[in-house]
Amino acid sequence: MDWESVSSLVDRAQAGGVRISDVVLEQYGDDGGRARALDEMKRRLHVMQGAVRRGLEERLASRSGLTGGAARRVETARARGGSVLGDSFSRVIARSLAVAEVNACMGRIVAAPTAGSCGVIPGVLITLAERLDRSEQDLVMALFTAAAVGGVIATRATVSGAEGGCQAECGAAAAMAAAAGVELCGGTPAQSAHAAAISIKGTLGLVCDPIAGLVEVPCVKRNALAAANSVAAIEMALAGVESVVPVDEVIDTMKRVGRAIPESLRETSLGGLATTPTALEIARRLG
């Protein structure tokens, strides 16, 4: 499959008057190949939905004691009318936290694009689909667009925190969700590309500094923050706001920035929040 550039996907979609997801699905060949791809993506969607439910319904707690309960707190506040910016935004935050907490508690998730960034896409897309009354098929197709953008990022840059910092994990997830979210909202392929670019620019340079080497702090809450970034990018792109720098150039910049981030800030727990007095005490306690 051609994951070389987002622009090529946009060009092909525009030429055919179709969505990016349609272009991606065509690459699976005949009807049988496309049917199998759709079934597999639907299966992954169901895993995402299951993780959302578990994270919101169960009283989760990680073995370290660092993670658990944040999603339920946000959801409880929302249900009581305590949302600051509205019901849907609170749902995005709660669901992103829920899936990330399930991951921290060794539950079943979809690495999208990584386990550490698994909450962003379900938090954004499941909420948008619900808000807009989109079908399961619409949501499945949007995931193909997310996958395509993630594939380009993996090809041109990286989705590894150890290689490129958290910009490569939560940042990539936010871009994937932004592009897919625009499509789910009825936006154009070009608007999807602008949303991805805007989203990535908002996370350039984001470091990976997990406390005690665990994908918990600050990782779980970064999922929610990346989801908020994605929602902002979707809003801007749908309003006609464009990225001055084309998305593929932004992705290339992500790669260069990732190489410039010191090793201490690339998942080694040798810098950033991982070396604060509190974090060092936690690491000592957990041994």
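## Exercises on a predicted model

The largest nonpolar core holds 84 residues, and those with the most contacts inside it are I121, V124, L125, F144, I153 and I251. Its largest share, 12 residues, comes from helix α9 (residues 170-184). Such a core is a set of buried Ala, Val, Leu, Ile, Met, Phe, Trp, Tyr and Cys residues joined through side-chain atoms within 4.5 Å, where buried means under 20% relative accessible area, exposed over 50% and partly exposed in between (1.4 Å probe, protein chains only). Helices (H or I, at least four residues) are DSSP runs numbered from the N terminus.

The model is predicted, so that local features need pLDDT of at least 70 and side-chain atom pairs count only at pLDDT 80 or more, while totals for chains, interfaces and linings use all residues. Residues are numbered from 1 along each chain as its sequence is written, and side-chain values use heavy atoms, with hydrogens and water left out.

**Exercise 1.** Determine how helix α3 and helix α7 are oriented where they pack.

*Solution.* Step one is to take the axes, which are lines fitted to C-alpha atoms, for helices over the stretch in contact, with angles running from 0 to 180 degrees between N-to-C directions. Helix α3 (residues 31-57) and helix α7 (residues 136-156) pack at an angle of about 100°, and their axes are 9 Å apart. Step two is to classify this angle: α3 is therefore roughly perpendicular to α7, a label given to angles of 65 to 115 degrees. Step three is to list residues in contact, meaning heavy atoms within 4.5 Å: among them are A37, L38 and M41 of α3, and L143, F144 and A147 of α7.

**Exercise 2.** Find which residues F144 touches, leaving out those up to four places away in sequence.

*Solution.* With that exclusion, F144 touches S21, V24, L25, Y28, A37, L38 and M41. F144 is also one of the residues with the most contacts inside the largest nonpolar core.

**Exercise 3.** Describe the salt bridge between R43 and E40.

*Solution.* Begin with the criterion, a side-chain nitrogen of Lys or Arg within 4 Å of a carboxyl oxygen of Asp or Glu. The side chains of R43 and E40 meet at 2.7 Å, N to O. Next comes their placement: because they are three residues apart in helix α3, about one helical turn separates R43 and E40. Finally, R43 is partly exposed at 40% relative accessible area, and E40 is partly exposed at 28%.

Conventions:
Helices (H or I, at least four residues) and strands (E, at least two) are DSSP runs, numbered from the N terminus. Angles under 35 degrees count as roughly parallel, over 145 as roughly antiparallel, 65 to 115 as roughly perpendicular and the rest as oblique.
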